[in-house]
Amino acid sequence: MIRLENVSKVFHPGTPNENVAIRQVDLNIAEGDFVTVIGSNGAGKTTLFNLISGTMPSSAGKVFVNDVDVTKHPEYKRAQYIGRIFQDPLLGTASNMMVADNMMICYRKGMKGLRISLNARMRGFFREKLKDLEMGLEHRMDDNVGLLSGGQRQALTLLMMVLSEPSLVLLDEHTAALDPKNAQIVLDLTSKFISDYKLTSMMITHNMSQAIKYGNRLLMMDRGEIILDVSGDEKRNLTVEKLVEKFHEIRKTELENDELMLSETP
Amino acid sequence: MIEGILVEGLIYATMTLGVFITFRILDFPDLTVDGSFPLGAAVMAILASNGVNLIVAVLVAFAAGVLAGMITATIHNKLHVPNLLAGILTMTMLWSINIRVLGNRPNLPLLRQETILTVFTRWLEPLPSEWSLLIFFVLFSLVVKALLDLFFKTDLGLTLGAMGNNQQMVVTQGVNPEALKLIGVGLSNGLVALSGAFVAQYQGFADVNLGQGIIIAGLASVMIGEFLLRTNRIGMLTLRVVLGSIVFRGIMYLGRYYGYYINLTPNDLKLITGVLIIASLIVTQMRKQKRAKSVDLDLDHNPNQPLPEERS
């Protein structure tokens, strides 16, 4: 489905500010996987997403989607099969257009033609789908999206993304900018849509219990590397305590190694 | 007098619609307009005086404008030049090109030349020519406006509408934003050149300096229109652009013929246009602040909710 081979990303190479954001990552995501990604700030989670979606080119390595090498494809071409939702609810919708217009733009991926697709039948279809959100948006199809709340906008973005039937869904902390109540609503919708439509997805989160609760596979990232990759029963039996313990276990040994190295230098 | 203002307002309305597309819908401030407007006039004049079919001449003028816009968009897309600079580049180059189009001279009179307007006024012969011109331009503007409304209802048109507001969304939908800019800026300059072609026929000459200050006039018209109506429907948005153009020409007319009462000369019209734009900006800003204040006082307000805003 999605395969990364030895992918690295170096910012400002060859300067004093050189920064390795992603370090030789190999990753294979199978169809139907729901992967949660955790890690502290600067661990490289968003950079990993940017490399998969093509927002920035990788410094080394290859990216495959459905066994097609997309390493050189620009972002808009990869977007044909990748659906991405950002942390900022404003990025997924056009605020100065109506809800129905937004849905029409996102309904089909790729370059648009001169057909008028937004007819009464299409509006009826969108209205039915909006009811699934249980936010009353089906009565506000002619309102500009700018009038909706952040939670409503993010839920709408989620719905539009799902309707475009992407092969891979990238959720970049898409509930982090919402208040707790709306965040929970959007998260529940996400989980429901992913299982209803059997979407292959990756979700970045800062919240360890969320990362444990959702999905069938968990990746932990640190300093540009995937340091933990659990799935199946191991993932199901995970708790926050175990996760913290594991993190310290992995990083402690490295710390000790570092100290060793330091002590060896005169 | 009134029919003069209406005719002028309607001729320039096509140009204003072009400015509206770039400035308001695409958020691509495009200064090519000052060059593509006289380009339309020059192409129309030279083709008409060489006996080319007048409808064909108008279509070629439109196509020339589209091409000019596409050059600006390509400079911006491929060389990553800021859109303002790309427009200025094309505009400057067009000045030389327009002189070549006119046959190496700065202007070309069309006085005894048959034009679409003379043909039309002859059809409605007993009617005074001012009134038949008015009928012609009402029909013409209606057709242009209706076609544009239709275009913005198509899938492509909708996506173009989202482009200026949220480029990331367009990219996320798998659409190449560069292609959209090419289409949008091309269409805009096509309309501007079309307007130039009719101004040449109306005034009876094409001049290389016809385009001076056109972009500012268009922008002022768009802004005046925004005061007249509040709406998010494309049909009303284009309508208010047309109305804005008429009101702007009315103000210019008053300045030209009655300005001497307060010591204004025709040379002051550019100053007035600029002041009009600045005044519109100030009023818009005051309105925004007022709205922001009223939202802050609302205790139930959800902090995530953006301020209510209008399309455009």
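Trainee: Among contacts in chain A between residues at least 6 apart in sequence, what share joins residues at least 24 apart?

Mentor: In chain A that share is 68%, where two residues are in contact if their C-beta atoms, placed from the backbone, lie within 7 Å. For chain B, residues 24 or more positions apart account for 76% of the contacts with a separation of 6 or more. Before we go on, note that this is a predicted model, in which local features need pLDDT of at least 70 and side-chain atom pairs count only at pLDDT 80 or more, while totals for chains, interfaces and linings use all residues. Residues are numbered from 1 along each chain as its sequence is written, and chains are lettered from A and ligands numbered from 1 in the order in which they are written.

Trainee: What makes the radius of gyration of chain A agree with a compact globule?

Mentor: The radius of gyration is taken over C-alpha atoms, and the globule rule is 2.2 Å times the number of residues to the power 0.38. A compact globule of 266 residues would have a value near 18 Å, and chain A has 20 Å, which agrees. Along the principal axes, the C-alpha atoms of chain A fill a box of roughly 75 × 40 × 30 Å, and the secondary structure of this chain comes to nine helices and 10 strands. Those elements are DSSP runs numbered from the N terminus, helices being H or I with at least four residues and strands being E with at least two.

Trainee: Why is chain B called as compact as a globular protein of that length?

Mentor: Chain B holds 12 helices and two strands, in the order α-α-α-α-β-α-α-α-α-α-β-α-α-α from the N terminus on. Its radius of gyration is 20 Å, close to the 20 Å that the rule gives for 312 residues, so chain B is as compact as a globular protein of that length. The C-alpha trace of chain B spans about 70 × 50 × 35 Å along its principal axes.

Trainee: Why is N66(A) counted as exposed?

Mentor: A residue is buried if 20 or more other C-beta atoms lie within 10 Å of its own, exposed if 12 or fewer, and partly exposed in between. N66(A) has 12 C-beta neighbours inside 10 Å, and it therefore counts as exposed. N66(A) lies in the loop between strand 4 (60–65) and strand 5 (68–69) of chain A, and its phi is near 50°, a positive value in a residue other than glycine. Most residues other than glycine have a negative phi.

Trainee: Where is H80(B), and what makes H80(B) count as exposed?

Mentor: H80(B) is in the loop between helix 3 and helix 4 of chain B, and with 8 C-beta neighbours inside 10 Å it counts as exposed. Phi of H80(B) is near 55°, again a positive value in a residue other than glycine.

Trainee: What is the span of helix 4 of chain B, from its first C-alpha to its last?

Mentor: Helix 4 (residues 83–101) of chain B has 19 residues and reaches 26 Å, close to the 27 Å expected at 1.5 Å a residue, the expected span being 1.5 Å times one less than the number of residues. The buried residues of helix 4, among them N83(B), T90(B) and L94(B), pack against helix 2 (33–49) and helix 3 (54–79) of chain B.

Trainee: How do you know that helix 7 of chain B is mostly covered?

Mentor: In helix 7 (residues 155–165) of chain B, 10 of the 11 residues are buried, including L156(B), G161(B) and N165(B). The buried residues of helix 7 pack against helix 3 of chain A together with helix 1 (2–25), helix 6 (129–151), helix 8 (167–172) and helix 9 of chain B.

Trainee: How many residues of chain A are in contact with chain B?

Mentor: There are 38 residues of chain A in contact with 28 residues of chain B. Helix 3 of chain A gives the largest share of the side of chain A that touches chain B, namely four residues.
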